[in-house]
Amino acid sequence: MIFASPATNRAAWSRGILCYALPFGNLFFARTMAAMETQNELLPAAYTPLQEGDESFMHAALELARQAEAAGEVPVGAVVVLDGKIIGRGYNAPISRHDPTAHAEMMALRDAAQNIGNYRLVGCELFVTLEPCLMCAGAIMHARIARAVFGARDPKTGACGSVVDAFAEQRLNHHTQVVVGVLADECGLMLSNFFALRRAQQKADQVKPA
């Protein structure tokens with residue numbers, strides 16, 4: 001489901017939150033978020049329409065998310081695009097790198113900055129399979145990313161409207177456009193399957209004889 005503008009149907013917005021939160025077993029949170037939205041407390045301010053090529057680049061981010069999963073990391077992937085070409089790639093690696101900042105977005109931004117020789121990524125777009133957290137939202141704005149596109153919502157740490165909406169803060173000196181819900185089902189399913197498998201493995205470990 002794609003949320004494109006402040007005028008987006010509120011009922012659809014609520015359903016999107018509910019559908020993503022449910023696989024994580026947090027029905028109370030989903031209902032709370034949906035109720036807040038109907039009170040116009042969570043209405044996004046910077047969302048823009050889907051563009052041609054968005055799904056293709058999100059598929060590239062999903063491939064990187066699969067690499068993260070294969071490495072035992074939470075499956076999140078990201079790419080940075082300039083003039084229709086991928087110039088930066090990254091996937092979640094905080095465990096393997098012993099680095100709390102090694103989120104997919106941060107890795108992709110670093111890769112892109114190195115490739116073009118500039119920490120300002122003016123005119124670039126970032127595609128990521130999961131809603132950016134506050135740290136990554138800040139990095140996206142500092143890099144001057146023009147447009148951020150994400151797949152699944154993150155009801156626990158999302159900084160694009162799920163928990164806070166960093167991109168809607170009018171006092172900031174840069175305003176990144178945001179597209180929400182590109183391949184959201186596929187992105188969300190990868191995450192929910194990963195956590196379901198991890199929970200099953202943890203339970204299996206608990207019942208093993210000493």
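D99 is partly exposed, at 21% relative accessible area; by the cut-offs used here, buried means under 20%, exposed over 50%, and partly exposed in between, with a 1.4 Å probe and protein chains only. Its salt-bridge partner is R110, with N to O at 3.8 Å. A salt bridge here is a side-chain nitrogen of Lys or Arg within 4 Å of a carboxyl oxygen of Asp or Glu. R110 is partly exposed as well, at 37% relative accessibility.

Before going on, the ground rules. This is a predicted model, in which local features need pLDDT of at least 70 and side-chain atom pairs count only at pLDDT 80 or more, while totals for chains, interfaces and linings use all residues. Residues are numbered from 1 along each chain as its sequence is written, and side-chain values use heavy atoms, leaving out hydrogens and water.

Back to the salt bridges. D99 and R110 meet in one at 3.8 Å. This pair links distant parts of the chain: D99 lies in the loop between helix 4 (94-97) and helix 5 (104-116), R110 lies in helix 5, and they are 11 residues apart. Helices here are DSSP runs of H or I with at least four residues, strands are runs of E with at least two, and both are numbered from the N terminus.

The structure holds 7 salt bridges. One of them joins the side chains of R66 and E63, at 2.7 Å from N to O. What separates R66 and E63 in helix 3? They are 3 residues apart in helix 3 (residues 54-70), so about one helical turn lies between them. R66 is partly exposed at 34% relative accessible area, and E63 is partly exposed at 45%.

R147 and E125 form another salt bridge, with their closest N and O atoms 2.6 Å apart. D54 joins them: D54, E125 and R147 are linked in a network of salt bridges.

For the pairing, two strands count as a pair if DSSP finds at least two bridges between them. Strand 1 (residues 77-82) is mostly covered, with 5 of its 6 residues buried. Strand 1 pairs with strand 2 in the antiparallel sense over 6 bridges, and with strand 3, also antiparallel, over 4 bridges. V80 takes part on both sides: it stands opposite G88 in strand 2, and its bridge partner in strand 3 is L126. The hairpin of strand 1 and strand 2 has 2 residues between the strands, and in it D83 takes a positive phi near 55°.

Strand 3 (residues 125-130) and strand 4 run parallel, joined by 5 bridges. L130 stands opposite A152 in strand 4. As a general point, side chains in a regular strand alternate between the two faces of the sheet.

Next, the cysteines. With a disulfide taken as a pair of cysteine sulfur atoms within 2.5 Å, how many disulfides are there? The count comes to 0. C160 is in no disulfide, and the nearest cysteine sulfur, that of C133, is 9.4 Å away. C160 is buried, with a relative accessible area of 1%. C124 also counts as buried, at 1% relative accessibility.

Last, the surface. L134, V163 and V164 make a nonpolar surface patch of about 250 Å². Patches are made of residues with over 30% relative accessible area and no salt bridge, like charges being joined within 9 Å and nonpolar side chains (Val, Leu, Ile, Met, Phe, Trp, Tyr) within 5 Å. The areas come from the Shrake-Rupley method with a 1.4 Å probe, and for residues only the protein chains shown count as cover. V163 sits in the loop between strand 4 (147-152) and strand 5 (177-180), and is partly exposed at 43% relative accessible area.

Notes: A disulfide is a pair of cysteine sulfur atoms within 2.5 Å.
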